[in-house]
Amino acid sequence: SKLNPFSFVTLFQHGSLFTRLNLITMLQTTRLYMGDVFQVFTREILAWTPAIIGNVYSILGVISILGGFFAGSLIQLLGAYGLSVISTSMVTLSFLLYGFVQNQWQFFIALAMGAPGTL
């Protein structure tokens with residue numbers, strides 16, 4: 001019982017606020033662990049070479065750095081709650097769009113949709 005793979009379910013049994021915070025954290029951190037899936041997806045579906053995948057990761061890094069420059073202004077404009085809702089919603093939408101991607105342009109559109117999620 002100590003190694004129950006479903007013990008995480010108890011995180012969602014401590015009231016609605018705690019449940020919402022856990023769901024938001026889950027949505028925000030999911031993208032951090034998608035690197036391998038991203039590489040397999042781009043190699044198999046989009047037929048990208050490792051060089052292209054590396055370039056895209058570089059672009060993602062630049063987007064993350066640029067997002068940091070604008071985060072303070074966006075928090076003042078939208079508030080911490082508003083920015084969290086928008087960034088989490090955009091990265092979730094981006095991941096949903098990845099499921100329908102059939103070519104590079106669609107991939108970059110989905111990637112751009114998820115850019116606010118880097119904040």
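## Basis

A residue counts as buried under 20% relative accessible area, as exposed over 50% and as partly exposed in between, with a 1.4 Å probe and protein chains only. The model is predicted: local features need pLDDT of at least 70, side-chain atom pairs count only at pLDDT 80 or more, and totals for chains, interfaces and linings use all residues. Residues are numbered from 1 along each chain as its sequence is written, and side-chain values use heavy atoms, with hydrogens and water left out.

## Helix α2

Helices are DSSP runs (H or I, at least four residues) numbered from the N terminus. In α2, Phe-38, Phe-41 and Thr-42 are buried. They line one face of the helix, because seen down its axis they fall within an arc of 90 degrees, taken from the directions from the helix axis to the C-beta atoms. Asp-36, Val-40 and Glu-44 are exposed on the other side of α2. The buried residues of α2 pack against α3 and α4, where contact means heavy atoms within 4.5 Å.

## Helix α3

α3 bends by about 105 degrees at Gly-79, the angle between axes fitted to the seven residues ending there and the seven starting there. Its 49 residues have end C-alpha atoms only 19 Å apart, whereas a straight helix would reach 72 Å at 1.5 Å a residue.

The buried residues of α3 include Ile-53, Val-56 and Tyr-98; among the elements covering the buried residues are α1 (16–30), α2 and α4.

## Nonpolar core

The largest nonpolar core has 11 residues, including Trp-48 and Val-101. Tyr-98 touches Phe-41, Phe-107, Ala-110 and Leu-111, not counting residues up to four places away in sequence.

Key: Core = buried A, V, L, I, M, F, W, Y, C linked by side-chain atoms within 4.5 Å. Helix = DSSP H or I, 4+ residues; strand = E, 2+ residues; numbered from the N terminus. Expected span 1.5 Å × (residues − 1).
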